[in-house]
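User: Got a model to go through with you. Can we keep it quick?
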Amino acid sequence: MSAPAGGGLRYAYNTNGMTSHRLPDALSLLADTGYDGVALTVDVAHHDPFAPRLAARTAALARRLDRLGLGSTVETGARFLLDPRCKHEPTLVTPDPAGRARRLAFLRLCVDIAADLGSEAVSFWAGVPAPGMDASPGGAAWKHLVDGVRAVVSYAAERGVVAAFEPEPGMLVEDCAGWSRLAALVPGLRLALDTGHCLVTGGVAPHQAVLRHAGDLGAVAVEDMPRGRHEHRAPGEGDMDLPAVLGALRTVRYGGLVSLELSRDAHRADVLVPGALRALRHAEEHAGRAAAGGAPGAPAAHGAAGTPEGAR
């Protein structure tokens with residue numbers, strides 16, 4: 001999705017960082033603060049896909065988003081939605097066929113929600129291979145993953161939804177190189193690029209990942225992270241060169257939502273929601289001045305004070 005010439009980036013906030021807010025209140029806060037959209041994590045706290053009257057609730061949510069002028073993406077990274085005792089399980093690489101089928105059914109349901117909301121994309125990931133499972137490129141884990149991702153991409157295409165796959169540190173596909181390997185096997189797959197993850201896995205700088213994969217992008221997140229540690233942090237609280245990343249997104253004229261995922265910070269969402277947006281706009285302004293040949297920009301302002309609380 002390309003941005004209009006000269007247009008600024010469009011920012012969104014992930015609802016997994018607003019779990020102390022009711023969803024209607026969270027959406028109103030985002031709209032009133034000036035965000036352009038929401039990254040909706042389908043979960044027990046917000047828009048539970050297994051609660052009654054899903055179709056009616058989704059239709060009502062679509063109307064509310066329209067009234068508030070918010071775009072959306074759908075996120076599928078709920079921690080305990082499918083298994084209350086095992087984080088993120090089952091996945092597309094779970095050895096048990098019934099478990100993989102449950103994950104696939106959930107992802108198809110999320111595609112349906114995205115289609116009914118008119119969302120820009122659905123983001124999903126691989127999962128962590130079980131101990132002892134063959135995770136080599138030709139092994140069982142990769143075979144299960146390719147089969148599952150092909151099914152998701154095919155179903156998303158039927159519903160007119162962009163299927164964007166997110167490399168996650170520690171999972172079977174954890175970086176852009178792994179995504180490229182997967183995409184070569186699954187035509188039509190787009191990249192959900194969390195630029196902070198590039199600081200964790202190394203190999204390519206966040207802004208370089210944007211430039212390299214400009215034509216692949218289906219979703220983008222830009223929260224800060226410390227180098228080598230999977231800790232989602234507010235802008236200015238990690239090692240991200242945020243002006244460089246936002247400048248790269250402007251260079252490639254990325255027009256999709258650019259989201260923040262601060263899932264461990266719901267307790268300070270009242271501060272982070274407005275503070276993070278100010279920091280993003282500040283960094284984007286400096287990126288714009290640098291691109292125009294102005295003076296080098298100062299580091300992005302901190303979104304808010306506070307102690308980071310760990311990985312996703």
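Analyst: Contact here means heavy atoms within 4.5 Å. The model is predicted: local features need pLDDT of at least 70, side-chain atom pairs count only at pLDDT 80 or more, and totals for chains, interfaces and linings use all residues. Residues are numbered from 1 along each chain as its sequence is written, and side-chain values use heavy atoms, without hydrogens and water.

User: What does Thr-195 touch, leaving out residues up to four places away in sequence?
Analyst: Pro-206, Val-210, Ala-221, Val-222, Met-240 and Val-245.

User: Is Thr-195 buried or exposed?
Analyst: Buried, because its relative accessibility is 0%. Buried means under 20% relative accessible area, exposed over 50%, and partly exposed in between (1.4 Å probe, protein chains only).

User: Switching to α2. Which residues are buried there?
Analyst: Leu-54, Thr-58, Leu-61 and Leu-65. They sit on the same side of α2, because they cover an arc of only 60 degrees around the axis. That arc is taken from the directions from the helix axis to the C-beta atoms. Helices are DSSP runs (H or I, at least four residues), as are strands (E, at least two), numbered from the N terminus.

User: What do the buried residues of α2 pack against?
Analyst: α1 (23-33), β2 (37-41), β3 (71-75) and α3 (97-117).

User: And which exposed residues are on the face turned away?
Analyst: Asp-66 and Arg-67.

User: What follows α2?
Analyst: Gly-69, with a positive phi near 70 degrees.
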